[in-house]
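Here are my notes on the model you sent over. Have a look at the structure first, then read the points below alongside it.

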Amino acid sequence: MGGKTLSIKTIVAIGIGAAVFVILGRFASIPTGVPNTNFDTSYGFLALMAIIFGPVAGGLIGLIGHTLKDFIFYGTPWWSWVVVSGLVGFIIGLASKKIDIESGVFNAKKIIPFNFVQIIAQAVGWFAIAPTLDVLIYAEPVNKVYLQGVVAGGLNMVTVAVLGSLLLSIYAKTRSQSGSLTKDV
């Protein structure tokens, strides 16, 4: 992505990514027993899109996708969590150049830094920012929102570590490795 504008490909990816985020958030999530906190597969997909398309796309997919999901299914966005979904997508996207998934390689040398970045992003977002904003914006009880943050963040870390890493591994295999003798037809 060069320059200051988004490519048509990236804009389309943001639209499709946000739609898939909504669908996964609604139909591929499992309640945890902690109020309003789910085991949510959409974060594994968000990580894939953030690594492929970069931080701006990752941030916008998380922000738009979470906003639409909340609006469609709950009637109003829960802004503290929406902001963190955008932040998590953005931060994971910052690792896209280092991971270089288009090289066709997603081995331990890339899986480890990918997961380091996503764990830091999730920890900062869900353990600190989301619950703090819940208290400041919505006057939610401190013990409730920090429990929700720890559960959501921990589950998102696992989801991205497993599903995100798996999706990136599968995606990498579709790319031609540099120096390989295969030609794109």
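1. Let's start with a charged pair: Lys 144 and Glu 140 form a salt bridge, with their closest N and O atoms 2.6 Å apart. By salt bridge I mean a side-chain nitrogen of Lys or Arg within 4 Å of a carboxyl oxygen of Asp or Glu. Lys 144 counts as partly exposed at 30% relative accessibility, while Glu 140, at 17%, counts as buried. The cut-offs here: buried is under 20% relative accessible area, exposed is over 50%, and partly exposed is in between, using a 1.4 Å probe and protein chains only.

2. Some housekeeping. This is a predicted model, so local features need pLDDT of at least 70 and side-chain atom pairs count only at pLDDT 80 or more, whereas totals for chains, interfaces and linings use all residues. Residues are numbered from 1 along each chain as its sequence is written, and side-chain values use heavy atoms, with hydrogens and water left out.

3. How many salt bridges does a search of the whole structure find? It finds 3. One of them joins Lys 69 to Asp 40, with the closest N and O atoms 3.5 Å apart. This pair links distant parts of the chain, 29 residues apart: Lys 69 sits in helix 3 and Asp 40 in strand 2 (residues 38-40). Both Lys 69 and Asp 40 are buried. Helices (H or I, at least four residues) and strands (E, at least two) are DSSP runs, numbered from the N terminus.

4. Then there is Arg 175 with Glu 102, whose closest N and O atoms are 3.2 Å apart.

5. Take a look at Ile 92, one of the buried residues of helix 4. Leaving out residues up to four places away in sequence, Ile 92 touches Ala 47, Ala 50, Ile 51, Phe 114, Val 117, Gln 118 and Ala 121; contact means heavy atoms within 4.5 Å.
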